[in-house]
Amino acid sequence: MLAGCTGWPDETAETYRASGYWRGESLTSLLRSWARAYGERTSLVHGERRISYAELDALVDRSAAGFRAHGITPGDRVVLQLPNVPEFVVVYFALLRAGAHPVFALAAHRANEIRHLCQVSGAVGHVIPKRHLGFDFEAMAEQVQTDTPGLRSVFVLTSDEEVADGFVPLSEVDADPVDLPEPDASDVAFFLLSGGTTAMPKLIPRTHDDYAYQIRASARVCRLSAEDVYLAVLPIEFNFPWGCPGVLGTLDVGGTVVLAGEAVAEDCFALVEREGVTFTSLVPTLARLWVDEARWTRRDLSSLRLVQVGGARLTPQLAARVQPALGCRLQQVFGMAEGLLCFTRDTDDDDTVVTTQGSPMSPGDEIRVVDDADQEVPAGRPGHLLVRGPYTLRGYFRAPEHNAHAFTDDGYYRTGDIVRHTAEGNLVVEGRAKDVIIRGGDKISAAEIEELLLDHLDVVQAAVVGLPDELLGERTCAVLVAAAAGNRPDLPQVKRALHARGVAEYKLPDRVAYVDALPLTPLGKVDKKALAARVAVTASSGKGLCT
Ligand code: OOB
């Protein structure tokens with residue numbers, strides 16, 4: 001196991017092998033066997049480009065050799081930051097084949113986040129598009145590289161071959177295939193990012209064994225077959241579209257993945273019609289837009305058989321509209337990059353699908369619902385969700401202090417979610433104990449933004465709370481205590497200050513409010529519930545507390 005990662009105890013690992021969850025196959029050996037089994041079938045579609053399984057495997061061989069030739073060696077970490085393009089898939093497998101470990105960054109991340117990711121992961125490389133959605137990634141990468149001495153190489157996806165001094169065009173990461181040793185399936189393959197309760201995202205090590213199991217088992221839950229066509233709308237660096245079953249689960253059964261990126265609903269509908277898309281995964285905010293748009297579209301959506309919705313709370317009202325509007329089955333998915341996945345099943349009745357978040361994917365998932373003292377709550381009552389199992393991490397990368405709180409002594413991960421069991425054994429997510437705001441599916445750590453506000457603005461206290469929002473689920477409000485009366489930076493000023501520090505756009509507050517002092521709980525912590533209620537009331541009464 002890579003240093004800095006916590007593995008499963010030997011005995012537990014043996015049980016997972018004996019139960020057939022872990023098969024000792026690396027993700028790259030899976031790609032090889034897919035290429036053998038599905039050869040000329042189409043693996044990926046992007047715009048007019050279509051790539052067969054055999055081609056994908058060959059591209060990965062050349063790219064793996066190319067990364068080796070450019071100095072990437074086994075055990076290296078490389079931050080992978082690309083939008084939904086075929087190169088994301090090629091680079092992912094090529095790095096694995098070269099023995100390196102991709103670290104998934106969000107395409108929306110900016111210098112502030114990337115610098116942190118490079119530093120905690122000890123990355124030696126960073127893969128970026130030259131420009132995407134008008135943003136100059138090269139300029140950002142140059143800035144990050146200056147502050148990160150270990151970051152040796154920046155690889156740039158570009159159509160014109162022109163890259164900044166010292167950077168390498170991705171097209172040059174190409175060499176005649178060489179024999180490379182198979183990675184050890186029990187070792188870490190790649191890193192996902194946590195939605196984060198701490199000041200900065202934590203790295204989640206995922207092993208070949210655990211992720212291969214996740215994609216296979218989730219494909220089975222969704223009854224995927226080679227006839228399935230998956231539309232990747234959400235950014236594929238998220239666990240949900242990458243492997244639940246998403247991109248990798250579809251490839252595992254010989255289906256076709258259509259890469260769309262965050263396209264507007266009507267463009268997605270056009271792709272559904274053109275490619276005969278059979279399933280996709282959405283966050284509730286997008287599901288809402290699709291359901292609304294489906295009323296007007298002239299596109300034929302009849303190929304769709306399954307729409308998965310997850311990542312944030314789906315209201316029963318919206319859930320009830322999905323099936324009639326899109327003419328296909330809804331599946332609720334409650335999951336986390338750390339591991340555990342819960343799905344509603346195709347055998348469930350409509351009421352279960354609309355009102356619950358389903359049941360765990362694997363018989364190996366061990367679930368506990370406990371009170372504040374870690375004691376089991378009576379059946380049906382809400383409590384903290386703890387989990388361990390064959391694809392749930394045992395520790396974040398290089399974070400011993402955080403791990404001491406985030407896991408119980410016997411290895412259960414504290415999810416930070418409040419859930420209850422229904423009589424039928426499904427889970428309902430009742431709320432969150434962790435201080436995370438889910439804005440349109442994007443997870444924002446309140447602590448992270450609070451730290452930035454205190455560092456970069458003239459304020460003495462800062463608390464970030466989520467306010468309910470019809471479309472996004474929640475919006476962020478920064479509640480501040482000014483350092484001096486008369487000096488109250490307004491929303492544009494606050495946004496500018498954070499933007500100038502290279503903070504990703506989606507994390508900038510939607511509102512700013514000022515109070516004389518933050519309310520405290522009896523234990524002396526900021527009372528966020530009271531604060532959110534107070535700000536929400538003032539915001540709706542138009543008293544001018546918020547800007
Ligand atoms: C998914 O993964 P993450 O890591 O971005 O976020 C995990 C957190 C959960 O702990 C929970 O707080 C929230 O997102 N969440 C939901 C939910 N699904 C996730 N809250 C309410 N209802 C749901 N259905 O978000 C993720 C990963 C894999 C599959 C699906 C979602």
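Analyst: Start with helix α4. This helix is mostly covered, as eleven of its twelve residues are buried. The model is a predicted one, and each value here is computed from it.

Which residues of α4 are buried? They are Pro86, Phe88, Val89, Val90, Val91, Tyr92, Phe93, Ala94, Leu95, Leu96 and Arg97. Buried means under 20% relative accessible area. Note that the list includes Arg97.

Now check the length of α4. The helix covers residues 86-97. At 1.5 Å a residue, its twelve residues should span 16 Å. An α-helix has 3.6 residues a turn, so residues three or four places apart point the same way. Keep that in mind as you turn the helix on screen. Then step past its end. Just after α4, Gly99 takes a positive phi of about 85°.

Positive phi comes up again in a hairpin. Strands β1 (residues 42-46) and β2 (residues 49-52) pair in the antiparallel sense, over four bridges. His46 has Arg49 of β2 as its bridge partner. Two residues sit between the strands of this hairpin. In the turn, Gly47 has a positive phi of about 60°. Strand β1 has another partner too. Two bridges join β1 to β13 (residues 256-259), and these strands run parallel. Here Val45 is bridged to Val258 in β13.

Gly99 and Gly47 are glycines with a positive phi. Most residues other than glycine have a negative phi, and most peptide bonds are trans. Look next at residues that depart from this.

Leu133 is not a glycine, yet its phi is positive, at about 50°. Leu133 lies in the loop between β6 (131-132) and β7 (135-136). Is Leu133 buried or exposed? Leu133 has a relative accessible area of 79%, so it counts as exposed; the cut-off for that is over 50%.

Asp374 also has a positive phi, near 65°, and is a residue other than glycine. Its place is the loop between β19 and β20. Asp374 has a relative accessible area of 23%, so it is partly exposed.

The peptide bond from Cys244 to Pro245 is cis, with omega near -5°. Pro245 is found in the loop between α8 (239-243) and α9 (246-252).

Go back to β19, on one side of the Asp374 loop. Four strands form an open sheet in the order β19-β20-β21-β22, with antiparallel pairing. The edge strands are β19 (366-370) and β22 (427-432), each of which pairs on one side only. From one strand to the next, the twist averages 45°. Five bridges join β19 to β20 (residues 383-388). Across that pair, Val370 stands opposite His384 in β20. In a regular strand the side chains alternate between the two faces of the sheet.

Last, look inside. The structure holds one cavity of 30 Å³ or more. The volume of the largest cavity is about 60 Å³. Its lining includes Met1, Trp8, Val188, Pro205 and Leu393. Strand β11 (residues 203-207) gives the largest share of that lining, three residues. By class, the lining has six nonpolar, three polar and two charged residues. Arg206 and Arg394 are among the lining residues.

Terms used: Residues are numbered from 1 along each chain as its sequence is written. This is a predicted model: local features need pLDDT of at least 70, side-chain atom pairs count only at pLDDT 80 or more; totals for chains, interfaces and linings use all residues. Side-chain values use heavy atoms; hydrogens and water are left out. On a 1 Å grid over the protein atoms alone, a cavity is a set of points where a 1.4 Å probe fits but cannot get out, and a pocket is an open set with protein on both sides within 12 Å along at least five of seven lines; lining residues have an atom within 4 Å of a point. Grid points are joined across faces, edges and corners, and a volume is the space filled by probe spheres set on the points. Ala, Val, Leu, Ile, Met, Phe, Trp, Tyr, Cys and Pro count as nonpolar, Asp, Glu, Lys and Arg as charged, and the others, Gly among them, as polar. The expected span of a helix is 1.5 Å times one less than its number of residues. Buried means under 20% relative accessible area, exposed over 50%, partly exposed in between (1.4 Å probe, protein chains only). Two strands pair if DSSP finds at least two bridges between them. Axes are lines fitted to C-alpha atoms, for helices over the stretch in contact, and angles run from 0 to 180 degrees between N-to-C directions.
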